[in-house]
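Here's a quick walk through some helix packing and a chain-to-chain contact. Have the viewer open as you read.

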Amino acid sequence: MFLGFSCLAMGWIWGLAFAPEDAIQGNSYRIIFLHVPASIMAQLIYFFMSICALMHLVWRVKLAAYLIKSAAPVGVLITFIALFSGSIWGIPTWGTWWQWDARITSTLILFIMYLGIITLHSSFSNAEKADRLMSILVVVGVVNIPIIKKSVDWWSTLHQPASISISDGASIDPSMLYPLTISIFGMALTMIALGILVSKLYILTREKNKKWVQSHV
Amino acid sequence: MINFFSLEAFKLRHKLRAWLGPLLIMILVLIAFPLSIDISQYDLNKFYFSVIVVSLLMISFLATESIFSEDYEDGSLEQIHLEEKDFYKITLAKILVHVLFIGIPMALIGSIFSFANGVSLAEAPKIFVILSISTLILFNVFAFGSALSINKGSMLGVVASLPLALPAIVLLGRGVRTVQYGQGFFEVSVLMAGVALIVTALMPIIISATLKTHLE
């Protein structure tokens, strides 16, 4: 957690105070140091959940279901941050808080998906059944991830295409790229730490009647 | 497969409320909307499609709300599970019967109402094709939602499956636009048919697994 916060702080201070102004967007572009890491994490967390869901469905790994249940609230939080920061960025660049654009709408669907997963799990008193149903929903919902990723290419949208790509490299200046990379790395570490913390609490709650928990607590 | 299909068709045909109810509600919604808004016919024609699309979405959900619940409550699903019959075929038959009895008439109603709101007679069949394919996708998705929330009320089904239906709505919207602007209809309808085929092939497998989880 400390390492994550440190990287985030470093990336943000570098990005906000030392990175140069953008030629077109001016200072408003600096929100990317929050928006881009949050958006990447929102998708990665869901992707991680879908891998866990597969593990739970195929090999019946109990821990995988616990991780999905713990990652979902973290996913809600980070997707909300992605949507909210994007909305703030929309005002100076597009002149509107919200646009029914493919990328934004598909991210909103992801947000609702996270909420749906949490609601579904909490509706069943039989936790094992809830775990399996939640896993099925997570696996089916993964179809939304490539839609979000490719939405800016498949539809003509207001949202700009990706500035950093594995195949094509980065199209932004290194003076902006380095703090952005550090912010993404910091956000990833923070999310992992947060996820571990939530999972720990959840496992203790779920296994509260087991002897090892009673001796641990 | 034909046996399952005939049985499901027989069951649905005798549940008048289950298939006639959604169709009547769709008609009422499509009639009520123009009455509730005071705009010119020209303006109404421009966005009446949206009303058809949204009502199709909501009525599809309503039509599949109890697709499995009755069989679950009277123990039929449990019996099928114990007899180790093919859940996939039963699920597929149920969805296809619902599409045939409710989805296709809904598409027909939608195309008739679009014809009454500015679409030419030549273009109304195109609307029918697009709406029919959409109902196939939507019925599959909402049947999944219904299977997830089989004994937990319909709200949970909506929350769980509506996000999955929204990409289908985006496709439907694009299909409708091709009819409005008179180009690209074939490409979009083929794309939608492809998506519908994939969804129809895969969704019954997922629904079967979901139902088995409820029965275990």
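This is a predicted model: local features need pLDDT of at least 70, side-chain atom pairs count only at pLDDT 80 or more; totals for chains, interfaces and linings use all residues.

Let's start with a pair in chain A. Helix 4 of chain A (residues 102-123) and helix 5 of chain A (residues 127-141) have axes that come within 9 Å and cross at roughly 165°. An angle over 145 degrees counts as roughly antiparallel, so that's how helix 4 of chain A runs relative to helix 5 of chain A. The crossing of these two helices is right-handed. Here is who meets whom:

| Helix of chain A | Residues in the contact |
|---|---|
| Helix 4 | A:Met113, A:Gly116, A:Ile117, A:Leu120, A:His121 |
| Helix 5 | A:Ala130, A:Leu133, A:Met134, A:Leu137, A:Val138, A:Gly141 |

By class, the residues of this contact come out as eight nonpolar, three polar and no charged.

Next up is helix 7 of chain A (residues 174-206). Its 33 residues should span 48 Å at 1.5 Å a residue, and the end C-alpha atoms sit 46 Å apart, so the two agree. Buried residues in helix 7 of chain A include A:Met176, A:Pro179, A:Leu180 and A:Ile184. The buried residues of this helix pack against helix 1 (2-18), helix 2 (32-59) and helix 3 (62-94) of chain A.

Finally, how many residues does each chain bring to the contact between chains A and B? Chain B brings 14 and chain A brings 16. On the chain B side, helix 7 (124-148), helix 8 (154-181) and helix 9 (185-215) of chain B each give two or more residues. Helix 8 of chain B gives the most, with seven residues. That side of chain B has 11 nonpolar, two polar and one charged residues.

Notes
Residues are numbered from 1 along each chain as its sequence is written. Chains are lettered from A and ligands numbered from 1 in the order in which they are written. Axes are lines fitted to C-alpha atoms, for helices over the stretch in contact, and angles run from 0 to 180 degrees between N-to-C directions. Helices (H or I, at least four residues) and strands (E, at least two) are DSSP runs, numbered from the N terminus. Angles under 35 degrees count as roughly parallel, over 145 as roughly antiparallel, 65 to 115 as roughly perpendicular and the rest as oblique. A crossing is left-handed if the near helix is turned anticlockwise from the far one by less than a right angle, and right-handed if clockwise. Two residues are in contact if their C-beta atoms, placed from the backbone, lie within 7 Å. Ala, Val, Leu, Ile, Met, Phe, Trp, Tyr, Cys and Pro count as nonpolar, Asp, Glu, Lys and Arg as charged, and the others, Gly among them, as polar. The expected span of a helix is 1.5 Å times one less than its number of residues. A residue is buried if 20 or more other C-beta atoms lie within 10 Å of its own, exposed if 12 or fewer, and partly exposed in between; C-beta atoms are placed from the backbone.
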